[in-house]
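Student: I would like to learn how to read the features of a model like this one. Where do we begin?

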Amino acid sequence: MISVDMASVFKYSSKDFVSHIPPEAESREERSTFDKELLSRWDEAAEKGFFRYLLGNLPTRVIEGSHGFVAQLNVKRATDRRVPQEIKSTKQPFKPQEFNFNKVKPHEILMELSHEGSDPTSLQNGISHEANGTHTEGGQCTNNDRVEKVQVIINISPLEYGNVLLVPRPELCQPQIATLEMIQIGVETLLLSSSRSYRIGYNSLCAFASVNHLHMHAYYVDHRLPIEYMHTREVIANRFHETVDWSAQSFMLGLTKKNYKSVIRDLFAMVKLLQDKDIAHNMFFSRGLTLGPNPEEDGQTVRLLLWPRLSSYGVKASDAFNGACCELGGHLPVKREERFNNLTEKECCELLQSDSLPGEEYERLKADMKSILQQ
């Protein structure tokens, strides 16, 4: 049962996961306890002036074309955000002297999450502590198989309404290298929400992660995104698919409340392969249609998107948008008003394609993915 105690710990169990969202369940009044708690605290933080800017109603347009990109003008996100850290490697160690989430102000922490009554090692299933561990500046690896504390921290330079950062056990000083635990956290918060607007994103190092401290983005955007309804092609029956006719060639898994543990393990195995191969990547989680050539609305499918991509170093010069997790899903926070007004589908596709792996490299990687999942 969900509860929020006096220490602002949001306690939940798998019984609180929302299995089915009817198409008409879009109103604020129908939000889950998790949605209401998160957004009420976020709204209070906005009222008290804890953000660098207020979003207001972001200008939004669906770019004409077959993809249905959703562009939003967010100039302040580009001009008023914290300067991104210099990232030189997908395995860059955590550096305590740089900004990290242990340095945020107390009022920026909205609450902590606690999954009650679960076996904290139930998802390991043969995954070694080293594979699910983290590397610090000194090269040490910390055992990382328990979900004990997840901080929910406001993004003081928000990209959309309700934008928070999910930070597992910040005191461990884990670099931005995805763990099984982190993926589990992202999936579980998505299942706690009854809003189709709630999305989860992750940027690896060299894939536009701006802070080298383990975290995922969560936010609400009240528009249907192309990645949620596009058709897909099966790679392994009942295991994983790939996108079709999408500029950012990507892998996709379909998850429901019933299979979420096995799908999380599959996704982490795929992410671990990318980490071992030093391949930058983004992830995007959202409610959507079933996977396959004829996707259908079943009210329960969660689409997990994994994009292996070329590494990006430093701050990219694009004056439109950077190809990161949100953009991968078809949500484009645009930096300049002129580009927002004139951006075409062709330009969007070209930008995403420019960050994607070459075709032959992608095909080799796909074969490796099939191999590890069929072992």
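Tutor: With the elements: helices (H or I, at least four residues) and strands (E, at least two) are DSSP runs, numbered from the N terminus. This is a predicted model, in which local features need pLDDT of at least 70, side-chain atom pairs count only at pLDDT 80 or more, and totals for chains, interfaces and linings use all residues. Residues are numbered from 1 along each chain as its sequence is written, and side-chain values use heavy atoms, with hydrogens and water left out.

Student: How many helices and strands are in the chain?

Tutor: The chain has eight helices and 17 strands.

Student: Where is cysteine 206, and is cysteine 206 buried or exposed?

Tutor: Buried means under 20% relative accessible area, exposed over 50%, and partly exposed in between (1.4 Å probe, protein chains only). Cysteine 206 sits in the loop between strand E10 (198-203) and strand E11 (216-220). With a relative accessible area of 2%, cysteine 206 is buried. Although not a glycine, cysteine 206 has a positive phi of about 65°. Aspartate 278, also a residue other than glycine, has a positive phi near 60°. Aspartate 278 belongs to the loop between H4 and strand E15 (280-287) and is partly exposed, at a relative accessible area of 43%.

Student: What share of the 375 residues in the chain is buried?

Tutor: Buried residues account for 58% of them.

Student: How is the packing of two helices described?

Tutor: By the angle between their axes and the distance between the axes. Axes are lines fitted to C-alpha atoms, for helices over the stretch in contact, and angles run from 0 to 180 degrees between N-to-C directions. Angles under 35 degrees count as roughly parallel, over 145 as roughly antiparallel, 65 to 115 as roughly perpendicular and the rest as oblique. Helix H3 (residues 180-192) and helix H4 (residues 260-276) pack at about 135°, their axes 10 Å apart. H3 and H4 are therefore oblique to each other.

Student: Which residues of H3 and H4 make the contact?

Tutor: Contact means heavy atoms within 4.5 Å. H3 contributes Leu180, Ile183, Gln184, Val187, Glu188 and Leu191, and H4 contributes Tyr260, Ile264, Arg265, Leu267, Phe268 and Val271. For the classes, Ala, Val, Leu, Ile, Met, Phe, Trp, Tyr, Cys and Pro count as nonpolar, Asp, Glu, Lys and Arg as charged, and the others, Gly among them, as polar. The contact of H3 with H4 has nine nonpolar, one polar and two charged residues.

Student: At what angle do H4 and helix H8 pack?

Tutor: H4 and helix H8 (residues 359-373) pack at about 135°, with axes 10 Å apart, and are therefore oblique to each other. Asp266, Ala269, Met270, Leu273 and Leu274 in H4 meet Leu365, Asp368, Met369, Ile372 and Leu373 in H8. This contact of H4 with H8 divides into eight nonpolar, no polar and two charged residues. Aspartate 266, in helix H4, counts as buried at 13% relative accessibility. Apart from its neighbours within four places in sequence, aspartate 266 is in contact with Arg239, Leu253 and Leu373.

Student: Which residues of helix H7 are buried?

Tutor: In helix H7 (residues 345-354), they are Glu345, Cys348, Cys349, Leu351 and Leu352. They cover an arc (that of the directions from the helix axis to the C-beta atoms) of only 165° around the axis, which puts them on the same side of H7. The buried residues of H7 pack against strand E16 (302-309), helix H5 (325-328) and strand E17 (331-334).
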